[in-house]
Amino acid sequence: MKIVMATNNENKLREAREILSPLGIEVISQREAGIDIEPEENGATFAENALIKARAVYELAGCPVIADDSGLCVDALGGAPGVFSARWAPKEIQCERLLEKMAGVPDEARTAYFRCVVAYVDENGSGTVTGDCHGTISHEKRGTNGFGYDPVFLCGERTLAEMTSDEKNALSHRGAALRQLSDVFQERYGASC
Ligand code: IMP
């Protein structure tokens, strides 16, 4: 089956394709579907923002749509940057900003988690699935794979940026959410997806 992903973020799109294509779901980008909108993400939660994006693109797509809203929640910062992860600092210095804010925070207090909420909309209605990935914030950037805060997010001994994409997808928040999504689509559309 084909679905449109409501995003202009190439990294999210790549990871969604890596995770969903082996499960028989072809992911078309918003751009490939000819949809040039960027809805304002003014929700208070990941789920609200994901639904805003998915519903806006569904109005124009005419086939099932998914949208990912995700971010990093750091315990020592009261859950920040959370839903503001993309806007908290310019993209090029997001990791540095986080390391600055975490300066002096001891190892045992550096816990954090990534959350990914994927909203889906089709002719049967809408819903959301959620995936989390727990870890800790490192003391320096490590690794060159992935995107966003991956170089400072330790999952075990390595940061997500030190993992291959298959390793990251197997334990990431996005992987967890998208595997649940595939179960939802299997229920809705049968074994073909
Ligand atoms: P949004 O979902 O487009 O509002 O933005 C999510 C932001 O959270 C991204 O710009 C990244 O900064 C961060 N983020 C979300 N998922 C990941 C991930 O898998 N790795 C690293 N950073 C992420």
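**Around the ligand: a short tour**

Okay, let's start with the ligand: 18 residues surround it, and the closest are Lys 12, Ser 70, Asp 150, Lys 168 and Arg 174. Here a residue counts as near if one of its heavy atoms lies within 4 Å of the molecule.

Before I go on, this is a predicted model, where local features need pLDDT of at least 70 and side-chain atom pairs count only at pLDDT 80 or more, while totals for chains, interfaces and linings use all residues. Residues are numbered from 1 along each chain as its sequence is written, and side-chain values use heavy atoms, with hydrogens and water left out.

So what is the shell made of? We get 8 charged residues, 6 polar and 4 nonpolar. Charged is Asp, Glu, Lys and Arg; nonpolar is Ala, Val, Leu, Ile, Met, Phe, Trp, Tyr, Cys and Pro; the others, Gly among them, are polar.

Now the polar contacts, pairs of N or O atoms within 3.5 Å. The side chain of His 173 puts an N or O atom 3.1 Å from a ligand oxygen. For Glu 41, that side-chain distance to a ligand oxygen is 3.2 Å, and a polar side-chain atom of Gln 94 also lies 3.2 Å from an oxygen of the ligand. On its own the ligand exposes 490 Å², and the protein buries 93% of that (Shrake-Rupley method, 1.4 Å probe).

Which elements give two or more residues to the shell? Those are strand E3 (65-74) and helix H5 (173-189). E3 gives the largest share, 4 residues. Helices here are DSSP runs of at least four residues, and strands of at least two.

E3 also belongs to an open sheet of 7 strands, in the order E2-E1-E3-E4-E5-E6-E7, with mixed pairing. Two strands pair if DSSP finds at least two bridges between them. At the edges, pairing on one side only, are E2 (26-29) and E7 (158-159). E7 runs antiparallel to E6 (residues 153-155), joined by 2 bridges, and Leu 154 stands opposite Thr 159.

Last stop: the loop between E3 and helix H3 (94-101) holds Pro 81, and the peptide bond from Ala 80 to Pro 81 is cis, with omega near 0°.

Technical notes:
A polar contact is a pair of N or O atoms within 3.5 Å; within protein, one must be able to donate a hydrogen and the other to accept it, and residues adjacent in sequence count only if both atoms are side-chain atoms.
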